[in-house]
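I opened a new structure today and kept notes as I went. Here is what I looked up.

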Amino acid sequence: MEAVRTNEAGLRRDEWLERLKLFGLGSPAILLILVILVIPVGWLFYVSFIGADGTFSLENYERMLKRKSYARIFQTTFEVSFLTTGLCILIGYPLAYFIAGLPNRIANLCLITVLLPFWTSLLVRTYAWLVLLQKRGLVNEWAISLGLWDEPIKMVHNMTGTLIGMVHIMLPFLILPVYGAMKAIDRDLMKAASNLGASPRRAFWTVFFPLTLPGLFAGSLMVFILCLGFFVTPAVLGGGKVIMVSMKIVSNIELFVNWGAASALGVVLLVSTMVILWIASRFLNLEKMTGGGH
Amino acid sequence: MTSRTNEALPISVRNVTKTYGPVHALNDVSLEVRSGEFLTLLGPSGSGKTTLLMVLAGFTRPDCGSLKFGDREVIRTPPHLRDVGMTFQSYALFPHMTVAGNVGYPLKLRKVPKAEIAARVEAALDTVQLGGFGARRIDQLSGGQRQRVAVARAIVFEPRILLMDEPLSALDKKLRDQMQIELRHLHEKLGMTTVYVTHDQREALTMSDRIAVVNHGRIMQLATPRDLYERPANRFVADFIGESTFLPVSRQGDTVVFDGTPLMHDSPPPEAASLLLMIRPERVVLSREGPREGVNNFAATATEVVYQGDSFLLHAALADGAQIVLRGAMRGANVTALPAVGEALTLCLAPEDTVLIDGGEA
């Protein structure tokens, strides 16, 4: 006997309408991304293959390969990004660990403090570091008056200053996901490890740390990728001695009005970022394999 | 540590007190657990039973007291050096390790050779009927399977003491009943001294050699399941273990009197200022033909009758308004006609079921 199927068409239409409405909610953002991201990046890609004479050419990329200065710029960019990420891990992980161990109310207060820098302009923070770290700045004056060192130490307009500024700005991006991962760990797991015979140190390295790895990966990746395209801080605190890809792009456009060269740099930066993301995403699949999080 | 000639160890808790601010989580608790015994700490939430278990495991540091495993004083020994097995309410399985990784973890820490680890892990998994599950990930297991892995991990290093913190509370009833029997068999097979925490009185009665009823940080009574049920020390224990109704009774010379009528009772009443008559619903006999000989008779009126399939529940009011609950089997005359609400009945209580307990607030 055939089953009675009433209202089938109407119900299907309702389902459709519901999906359409959901799509409608997303459409402004989709449109925005299309207009301000996909089209300009496509144009950038196109321009990078146009030579000085206005025809298709690879000269922009060839120049990058031939000139030593470009290699150095990419090397500096990756060096700064690696070091910043590394320092953020060294400073941020213990801090997140400390905050995760606090009672909730105090922990929330600490997190607000961690996020506080986000509420001030990037430029203001960067210039603040310049004021603090310069030759006659607060840090040098205090250190000398306290007798820590005799001569003013050069802390800005070099790699040191750049790293100090970058780490300060990037730290929250690392701390938040790591803190989240730590908070998600069932406290009984550490008790179980201890009960089964693990010293506190063993329990940390065999249970706690592996379970925070997904958060650490996510945070480090975010910091690293943000660093790759960073401009303001290295420009101000590097004092022209730390030249990163973003700064070369700006000078290509502002000084030489060479859109082709600038675009090619942008493309290489974009592609290398995507390659890193792709490699990292393979690592992040570990998260599923190891059952990290819940 | 790895030899199989391990004897179970007795546990001796002496005068242990733990306060959180003004609250006594444990109030001068002393408890002797015999070697090889299955002892259950039973109590409502917040009674201190879990705190006591955490003191045994070393996760909670008491204010004062002594704790011995065998002859060894361990009150100041950190948890990782106590060498006791434990299962957690949340199972606490390591999500980043496989089943075999979890079970092998304590052996790895004890530097057991790899080949031996594999063999012992497999043996432990066999014991909990999870043979061949070693390569599974934890999130691929059902609740019951996780429970078994937790047990395997707790016994694989052959501790002489096993602590279990409400291990079955997250399982559904059917599985829980099955696991109760299984854990009991496991205990008989391995013979380690086991301290088991639960708030489920039926679970405690089913599994334990002895039960310690805990409330307000004190041990109210420590007895075998049968003694606990038949001869509770006070109203709290009687109330917590099984259902019961209480009637105030008074002492007149050598006899105990309820509502002007002397009671027949087999066991002597406790030395206490006030006495209560404890009535278990299943011990009351319903008589629809008036008072009987040789038993205590109570005239009552049925106020509520509930049909429950295998049995029926009857609420009856005595002359003074006190309520008695009776559970009767669906058998004989009751099958054809249950008492009607308002019907005058006689409730009979045999002298051996007439239990007098201390009525003071415990």
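Predicted model: local features only at pLDDT ≥ 70, side-chain atom pairs only at ≥ 80, totals over all residues.

These entries cover the sheets, a hairpin and the chain contact.

**Entry 1. The six-stranded sheet.** I began with chain B. Six of its strands make an open sheet, and I wrote down the order as 6-7-8-3-9-10. The pairing in this sheet is mixed. Which strands sit at the edges? I found strand 6 (85-87) and strand 10 (218-223) of chain B there, each pairing on one side only. From one strand to the next, the twist averages 15 degrees.

Entry 2. I then picked out strand 3 (residues 38-42) and strand 8 (residues 193-198) of chain B. They pair in the parallel sense. I recorded five bridges for this pair.

**Entry 3. The five-stranded sheet.** Chain B also has an open sheet of five strands, in the order 13-12-11-14-20. Here the pairing is antiparallel. Its edge strands are strand 13 (261-262) and strand 20 (355-358) of chain B. Each of these edge strands pairs on one side only.

**Entry 4. Strands 11 and 12.** Next I looked up strand 11 (residues 245-252) and strand 12 (residues 255-258) of chain B. How many bridges join them? I found three, in the antiparallel sense. Gln252(B) has Thr255(B), in strand 12 of chain B, as its bridge partner.

Entry 5. Strand 17 (residues 311-318) and strand 18 (residues 323-329) of chain B pair over seven bridges. The sense is antiparallel. Ala316(B) stands opposite Ile324(B), which belongs to strand 18 of chain B. I counted four residues between the strands of this hairpin. Which residue there takes a positive phi? It is Gly321(B), with a value near 95 degrees.

**Entry 6. Where the chains touch.** Last, I turned to chain A. I found 18 residues of chain A in contact with 19 residues of chain B. On the chain A side, the elements giving two or more residues are helix 8 (187-195) and helix 9 (200-228) of chain A. Which element gives the most? Helix 8 of chain A does, with six residues. I also sorted the chain A side by residue type. It divides into seven nonpolar, seven polar and four charged residues.

Notes: Residues numbered from 1 in each chain as written. Chains lettered and ligands numbered in written order. Pairing = 2+ DSSP bridges. Axes fitted to C-alpha atoms, helices over the stretch in contact; angles between N-to-C directions. Contact = placed C-beta atoms within 7 Å. Nonpolar A, V, L, I, M, F, W, Y, C, P; charged D, E, K, R; others polar.
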